[in-house]
Amino acid sequence: MDEYLKHLQFTESRRGFLKKTSMGFGAIALASLMGKSGSFAEELAAPRGAAGMGGLLNGTHFPPKAKRVIYLFQSGGPSQIETFDYKPELAKWHGQEIPPSVQGTQRNSGMVSDQSTFPLVKSIYDFKQYGQSGAWVSELFPHTAKVVDDLCIIKSLKTEAINHEPAVMFVQTGSQLSGRPSIGSWVSYGLGSDNKNMPSFVVLISQSQGDQPLNSNAWGNGFLPSHHQGVQFRSGKDPVLYLNNPHGIHDQDRKKALSFIEELNHEQFEIWNDPEIHSKISQYEMAYRMQNSVPDAVNLSEEPEHIYKLYGDDARIPGTYAANCLQARRLAERDVKFIQLYHMGWDQHGNLPRGIKTQAQATDQATAGLIMDLKQRGLLDDTLVIWGGEFGRTSFSQGRLTKDNYGRDHHPGCFTMWMAGAGVKPGIVYGETDEFSYNVAENGVHVHDFQATLLHLMGVDHERLTFKHQGRRYRLTDVHGHVVKDILT
């Protein structure tokens, strides 16, 4: 009983001290937000791994090659046969049935279950070799062809999911089921942020692109603390919802409210020891800091004319893929750790020639412009850029094959992705598929291998970045994954 009374007296004395010193930890946190505190106050004001702080690792497992990632996710499954995986043999087989010995190596989606014939179909678009690397690139991507010597094109990706949402979840979170943390959330959790005034993980989505839904769990925090989820930036007057003060509320009022909320949250934490309370504190702090930092970061109007010409005319239109690519470069300049772009509309089950041409026209110049812009600013040296979708497409036609029209179904057996920038060998093509682009023939790269390699480039051992949840330790790559060392510098 005596020990309990001593503990109670100590606790009450501590609370009294904090209340007398300008409302305790809330004031210390607020002072940090206002730039009037030192490192000790900042350490007390936010939990380990909070936004604007170091992550769980307090560094990296080994020297990183990449300080940040820009992931250009092409949602819907771009056809590798119309983009980067040139297959001249398909011209010889065009219109003929895919051999049963080949088709039987992969499962098909339910969308072709009632199809009685499966004719192989060549790409309607021409390919040429470009750069010193001699990489084959479709005529649909003339701008990307100009930067091919900066790219590491991986033609041997493979996944385990055959439908959109499970496949997107798998490549983004390591699991086909919703609820696991996304790659960006794992990076935020492990490495924190290099800019305390900006989120460590930002998401940009192209507007009005296709009817394929996109689940926000793809950039969710899963079971990690909630301040590690991706913050979606929108086009228009309010890039982040609920960030600005409501009408009639001034900064001083906001400061007082934040101070009081801080005190209440810390009192609650002392009672319940719920780590999610620290996440809420971190989110309030970040929102306050972002009021000043975000407007400048998203202000594209100050970009010079030659930059708009580099990214294309669409860069002037808020919410387009081109504008988001330009926005990504501005965020990279401000040391945002993980920048995720989502561009939907690559799901061409029918009318593929027209559909993929539209997608290429909307994305090709801006993608290449981003690479060139990062390179001319010296940012490509420590920025990893990734381009790719969730799976590939079949080499046989879905639906009726005509002279100038065809479609392609989902295909998890092989697809193409490219990486560029920090730590990746430029101007190489890695992996190979069979003559039909139906199976991986050489140097297969599983989705978990891709994830392990991404973390490795950021200085993180994918086997050692874990989080204990429901009695077991989880990681992005589950119990799989190997670093693809052959593509690393």
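How do the residues of the lining of the second largest pocket divide into nonpolar, polar and charged? The views below take this up.

**View 1. The model and its confidence.** This is a predicted model, in which local features need pLDDT of at least 70 and side-chain atom pairs count only at pLDDT 80 or more, while totals for chains, interfaces and linings use all residues. Residues are numbered from 1 along each chain as its sequence is written, and side-chain values use heavy atoms, without hydrogens and water. The chain has a mean pLDDT (the predictor's confidence in each residue, from 0 to 100) of 87. In the chain, 86% of residues reach 70 or more. Over residues 4–52, pLDDT stays under 50. Where pLDDT is low, the predicted coordinates should not be read in detail.

**View 2. The lining of the second largest pocket.** The lining comprises 22 residues. Arg234, Ser235, Gly236, Pro318 and Gln327 lie nearest the pocket's centre. Eleven lining residues are nonpolar, eight polar and three charged. Here Ala, Val, Leu, Ile, Met, Phe, Trp, Tyr, Cys and Pro count as nonpolar, Asp, Glu, Lys and Arg as charged, and the others, Gly among them, as polar.

**View 3. Elements around the second largest pocket.** Strand S5 (201–205), strand S6 (231–233) and helix H12 (321–333) each supply at least two lining residues. H12 gives the most, with three.

**View 4. Glutamine 327.** Glutamine 327 lies in helix H12. Leaving aside residues up to four places away in sequence, glutamine 327 touches Leu204, Ala297, Val298 and Leu300. Contact means heavy atoms within 4.5 Å.

Conventions:
On a 1 Å grid over the protein atoms alone, a cavity is a set of points where a 1.4 Å probe fits but cannot get out, and a pocket is an open set with protein on both sides within 12 Å along at least five of seven lines; lining residues have an atom within 4 Å of a point. Helices (H or I, at least four residues) and strands (E, at least two) are DSSP runs, numbered from the N terminus.
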